[in-house]
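Please look through this structure with me.

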Amino acid sequence: MIRKLEHKDFILHSEFSPSGDQPQAIDSLVNSISQNHKFQTLMGVTGSGKTFTMANVIAKINRPTLVLAHNKTLAAQLYSEFKSFFPENAVHYFVSYYDYYQPEAYIPQSDIYIEKDASVNERIERLRLAATKALIERDDVLIVASVSCIYGLGQRENYENAIISFRRHDKLELSDFIRKLVENYYERSDFTPEPGKFRVRGDTIDIFPAYNEEDCIRVIFFDDEIEDIKIIHPISGHVLKSITQASIFPAQHYVTESDAIKKSEALIRQELSQIEQKFIAEGKLVEAQRIKTRTIYDLEMMNEAGYCSGIENYSVYLDGRKHGEPPGTLIDFFPENFLMFVDESHITLPQVRGMFNGDRARKNILVENGFRLPSCLDNRPLRWEEFEKRIYQAVFVSATPADYELQVSGENVVEQIIRPTGIPEPEIEIRPAISQIDDLIARLREITAKNQRALVLTLTKKSSEDLADFLRENKFKVQYIHSELNTFERAELIHDLRIGSVNILVGINLLREGMDLPEVTLVAILDADREGYLRSDRSLIQIMGRAARNIDSKVILYADNLTDSINRAVSEIRRRRDKQLAFNKSHGITPRSISKEVTQLLPAELADAFANSHDTRKIISRKSQAQLENIPLTIKQLESEMWRAVEKLDFELAAVLRDKIQELKSR
């Protein structure tokens, strides 16, 4: 068992002190948590500094903390902010490590079977491993995670039992140490110093931990004894320091007992026999033959290679769980009294609720058609009630909390309406939708003449693309943003908007939560009177919040009818604005626009992780639409990508980039 390091408090670093509504929000939340209330809600308007409030609460409560976000981009932004607030503490990032993921599926109507296909991002996998390592070793841990944290990760007990701990002068054979490393999924490579590998030179082993690419652990043996342990630079080999003890954590989260496959085989065969007989009794001979062939093949692969494609579908047996028991997740690595923040809870919690049902519906079809044993259903995310049971104390954070958050929080709902900058909610103008495009173009010309920015919200992906093309034809610097753009592309577009290479972004609903865009002075919502999810009162309030960081901002709702959602949203915005203006008047505050340095949305350690070759190919298609005036910049960017691909030996991608560069140069 790993002993935790000496307890260390969270130490908040910031050049600012709480202001506006922040002091009362911090005190109210801390008091509620200290009184052991399970749920509390921070209803903070956009731009009021909710993240700073969260950081102050974390520093005062001083317990391991999980911050849950609804997508990778928002999680990356929160991770970057919390790292700046807590540079002395263990702040980590935990999201899905797939760049691309196509789950196994079957479509009965057309008799099409789709194999599982996935591409793992090694950089993000290392960050995930570093997160669980910190939770085992330390108390001052803050993990920013997406909803992927409710998916099966393996049993914590198996993971901890696999940790190799050793001290100087321990009695241990070199061959036994190598065997332990291999059992922990480390690969021997005497030439390539990469995370998750080790090399052997005589009586010396250099181990490159899977969760850390900065240091390497050198273990020197003399006969059957560990003579010395050193930390060395992974490239130069220079000794950085000598240490008396070290621990090597497994190179992957999913760890099983050494004889798990052997123990599982009889149980898998028993289940196979039962389901095969069931299919035969129902006259489903094709399904019976299919499940028998697939399962026997998987068993043979596991016995010979220790692995098979889709091995996670047998996890209930490999983990030693009972049918129906929840899988091990990241939450199991936290101590029982951990603190949870759910950012943008009105979006995040419905995602958590929906994960189980979506996964179960797809797998039920596989089971019914003989592609998987029923036990595959035990490889799943947590059910909602299981997730809720694991919450010790939680703070829901949103400008528009949903009914669930308000109900369970009861009286523990804290409002944070006053912004430190004094900026009130934006003025709202409602204009006819029948002539919305002509009116929009006139407004956009006004703001682009002042070198300001605008966001335009449509209802569909197709309409956002068509509108972006139309505005581009009218000489606007515009791009569209929607769900098919990956994390890196969205971050790049937001950066382009802030620096001014793009003046207008057209989107659907992806810009509503968590993005700081102080340059935006106009938010235009087309077809605002189309009742539905995208034009509900909560959605409208979130969208209008994008215009709450600049004193010149305005919101235009294009609507021919005043729907109930519009009336509720406008009424709430005006209530907040009246309260904000009254506060400014009584305290002598002059509103000022937020001044925020233009930086990359993704922190440096994540930018490379998201900018993989799959992302770059998508960037090429969008860059090819650049206006002629932006071609030199585009060529320079693509040349950098080309040489990066060459360094990675991805010559196919380099050739694609080269051809695109030549095409642009010819133009």
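The notes below cover a helix, several charged pairs and a surface patch.

1. First, a caution. This is a predicted model. Please read every point below with that in mind.

2. Start with helix α3, residues 72–85. How far does α3 reach from its first C-alpha to its last? The helix has 14 residues and reaches 20 Å, close to the 20 Å expected at 1.5 Å a residue.

3. Is α3 mostly covered or mostly open? It is mostly covered, with 10 of its 14 residues buried. Among them are Leu74, Leu78, Tyr79, Phe82 and Phe85. Lys72 and Gln77 are also on the buried list.

4. Now turn to charged pairs. The whole structure holds 44 salt bridges.

5. Glutamate 213 is partly exposed, at 42% relative accessible area. Arginine 123 also counts as partly exposed, at 23%.

6. Arginine 538 bonds to aspartate 403 in a salt bridge, with the closest N and O atoms 3.2 Å apart. This pair also links distant parts of the chain: α16 (residues 537–544) holds arginine 538, α12 (residues 403–409) holds aspartate 403, and the two are 135 residues apart. Arginine 538 is partly exposed at 27%. Aspartate 403 is exposed because its relative accessible area is 55%, above the 50% cut-off.

7. Is arginine 472 buried or exposed? Arginine 472 counts as buried, because its relative accessibility is 16% and the cut-off is under 20%. Aspartate 469 is partly exposed at 34%.

8. Salt bridges can also share partners. Glu415, Glu572, Arg575, Arg576 and Lys579 are joined this way into one network.

9. Finally, check the surface. Which residues gather in a patch of negative charge? They are Glu173, Asp203, Asp223 and Glu227. Aspartate 203 lies in the loop between β11 (197–201) and β12 (204–208). Its relative accessible area is 43%, so aspartate 203 is partly exposed.

Key: Residues are numbered from 1 along each chain as its sequence is written. This is a predicted model: local features need pLDDT of at least 70, side-chain atom pairs count only at pLDDT 80 or more; totals for chains, interfaces and linings use all residues. Side-chain values use heavy atoms; hydrogens and water are left out. Patches are made of residues with over 30% relative accessible area and no salt bridge: like charges are joined within 9 Å, nonpolar side chains (Val, Leu, Ile, Met, Phe, Trp, Tyr) within 5 Å. Accessible areas come from the Shrake-Rupley method with a 1.4 Å probe; for residues, only the protein chains shown count as cover. A salt bridge is a side-chain nitrogen of Lys or Arg within 4 Å of a carboxyl oxygen of Asp or Glu. Lys and Arg count as positive and Asp and Glu as negative; His and the chain ends are not counted. The place of a charge is taken as NZ of Lys, CZ of Arg, CG of Asp or CD of Glu. Helices (H or I, at least four residues) and strands (E, at least two) are DSSP runs, numbered from the N terminus. Buried means under 20% relative accessible area, exposed over 50%, partly exposed in between (1.4 Å probe, protein chains only). The expected span of a helix is 1.5 Å times one less than its number of residues.
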